[in-house]
Amino acid sequence: MTPLMWRSMGLVFFAAIVGSFGSVFLKMGALRLNKSILSFVNSRLILGVGLYLASSVFYAMGIRGGELSVLYPLVSLGYIFTLVWSKIFFNEPITRYKVAGLCLILVGVFLVGVGASR
Amino acid sequence: MSTIPSSPKLHASSAAARQRAAITVASCTIFGAVAQILIKVGMSPAHLDTTGKGLVSLVLAVITDWPLVAGYACYGLFTVAMVLALREGELSKVYPIIALTYVWVTLLSYWLLKDTPNWYKNAGIAIIVLGVAILGQGGEQE
């Protein structure tokens, strides 16, 4: 694994964290939508879109330096953060299924990482 | 044009609304995957040379980089569809359906970007998708 590959993976991982905050604000904003088209102009939705855009800049810089079939799966690490934020901001329960799913995602990302150096 | 598609019950979403949201997100994953390939192609050094460029010429290079612009357009459509779908269901439940994107991106990377296919990657993707599917079940156990 080259230093460029580590840097690329770091950028994509950071993008995933920023993106997980983006989803939270998109959800908060989406809950405020009503029949008026003007309801799309709300601070949470705008912040959510902004965070997604910021996330995609880091992501784009990251995928420049490696195989997409290795770097894209790293985005799934964002689910770890999404689960925690869902609990904190929307009080969604953390169930055994969710924890089991996250563990599988970690195993999957690890395997893809092993595949990267083959 | 003053209205957006909406269900009468905004906060208490029905099973039918949740299912509709799931189908919307699933079909959007195709757009999401195509966006990834276009962004990857657009960001490749062959399309976007960043060496020794000032801010203005860099911005100019980015906005005239058609695969990158097309990729972001697809990504934008994908995001708008997500906003509409996320209204109907739990974040931790609707969001994971996006996992189908991992399968499309991997297959398209092998096919169009000539990434090296191997069984570690394939198994990893299968396990990630399984993990996300199980994670989605977590919302039922309340």
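This passage describes the overall make-up of chain B and the packing of two of its helices, α5(B) and α6(B), in a predicted model.

In the predicted model, chain B contains six helices and zero strands, and the order of these elements along the sequence accordingly reads α-α-α-α-α-α. Chain B has 142 residues, of which 44% count as buried, and its accessible surface comes to about 7,300 Å², with 72% of that surface belonging to carbon and sulfur atoms.

Helix α5 of chain B, spanning residues 100-112, and helix α6 of chain B, spanning residues 119-137, have axes that come within 10 Å of each other and cross at roughly 165 degrees. Because angles over 145 degrees count as roughly antiparallel, this crossing makes α5(B) roughly antiparallel to α6(B). The handedness of the crossing between α5(B) and α6(B) is left-handed.

On the α5(B) side, the contact is formed by B:Tyr102, B:Val103, B:Thr106 and B:Tyr110, which meet B:Lys121, B:Asn122, B:Ile125, B:Ile128 and B:Val129 on the α6(B) side.

Conventions
Residues numbered from 1 in each chain as written. Chains lettered and ligands numbered in written order. Predicted model: local features only at pLDDT ≥ 70, side-chain atom pairs only at ≥ 80, totals over all residues. Heavy atoms only, no water. Axes fitted to C-alpha atoms, helices over the stretch in contact; angles between N-to-C directions. Helix = DSSP H or I, 4+ residues; strand = E, 2+ residues; numbered from the N terminus. Parallel < 35°, antiparallel > 145°, perpendicular 65-115°, else oblique. Left-handed = near helix turned anticlockwise from the far one by under 90°. Contact = heavy atoms within 4.5 Å. Buried < 20%, exposed > 50% of the residue type's maximum accessible area, 1.4 Å probe, protein only. Areas by Shrake-Rupley, 256 points an atom, 1.4 Å probe, with all protein chains shown as cover.
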